[in-house]
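Here's a quick briefing to read with the structure open in your viewer. Take a look at the fold below, then work through the points by topic.

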Amino acid sequence: MNHYETVFILNPVLSEEQIAETVKKFEDFLIKNGAKMVSKENWGLKKLAYAIQHKKSGFYHLFEFTAPGEVVAPYEQELKREERVMRFLTVKLDKHAIEWAEKRRSRLKTKA
């Protein structure tokens, strides 16, 4: 099992229900294919560095999960097919990135 992190940007014109539905769709896809969710974060509406599809902002979401390597390709294919997703990036975390992610999560918990 490898440790992965995906950040994806959703179209800013979506309603709260559509955003929740899309996030749930990808979370369910991962779980159905043997992944285990470590954390999910909703970063909210943020301004983009450059326009994507003539949009200047987007809803950012982060998934951190463990999964077998063969799950990532179909997962990314689903992200590409979804019209609501403007951009995404999935990276495999090494031991240092995993430690950093744990520290970040613990800092977020203490702030909340």
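In the hairpin of strand 2 and strand 3, Gln 53 takes a positive phi near 55°. There are two residues between the strands of that hairpin. Keep in mind that this is a predicted model, so treat the points below as a reading of a prediction.

**The hairpin and its partners**

- Strand 2 covers residues 36–52 and pairs with strand 3 in the antiparallel sense, over 11 bridges.
- For a landmark in strand 3, take Ser 57: Lys 47 stands opposite this residue.
- Strand 3 also pairs with strand 1: nine bridges join the two, and they run antiparallel.

- Four strands make up an open sheet in the order 2-3-1-4, with antiparallel pairing.
- Strand 2 and strand 4 (85–92) are the edge strands, and each pairs on one side only.
- From one strand to the next, the twist averages 20°.
- Helix 1 packs on this sheet and touches strand 1, strand 2, strand 3 and strand 4. The direction of helix 1 makes about 25° with that of strand 3.

**Strand 3 and Ala 67**

- Strand 3 is mostly covered, with 10 of its 13 residues buried.
- Ala 67 belongs to strand 3, which spans residues 55–67.
- Why does Ala 67 count as buried? Its relative accessibility is 0%, and the cut-off for buried is under 20%.
- Leaving aside residues up to four places away in sequence, Ala 67 touches Met 1, Asn 2, Tyr 4 and Ala 35.
- Ala 67 and Asn 33 sit 34 residues apart in sequence, yet their C-alpha atoms are 8.3 Å apart in space.

- Asn 11 counts as buried because its relative accessibility is 11%, against a cut-off of under 20%.
- Its contacts, not counting residues up to four places away in sequence, are Gln 53, Lys 55, Phe 59, Arg 84 and Met 86.

- Helix 2 (residues 72–81) lies across strand 1, strand 3 and strand 4, and runs at about 165° to strand 4.
- Which residues of helix 2 are buried? Val 72, Tyr 75 and Leu 79 are among them.
- Seen down the axis of helix 2, the buried residues fall within an arc of 65°, so they line one face of the helix.

Note on methods: Residues numbered from 1 in each chain as written. Predicted model: local features only at pLDDT ≥ 70, side-chain atom pairs only at ≥ 80, totals over all residues. Heavy atoms only, no water. Buried < 20%, exposed > 50% of the residue type's maximum accessible area, 1.4 Å probe, protein only. Contact = heavy atoms within 4.5 Å. Pairing = 2+ DSSP bridges. Axes fitted to C-alpha atoms, helices over the stretch in contact; angles between N-to-C directions. Arc of directions from axis to C-beta.
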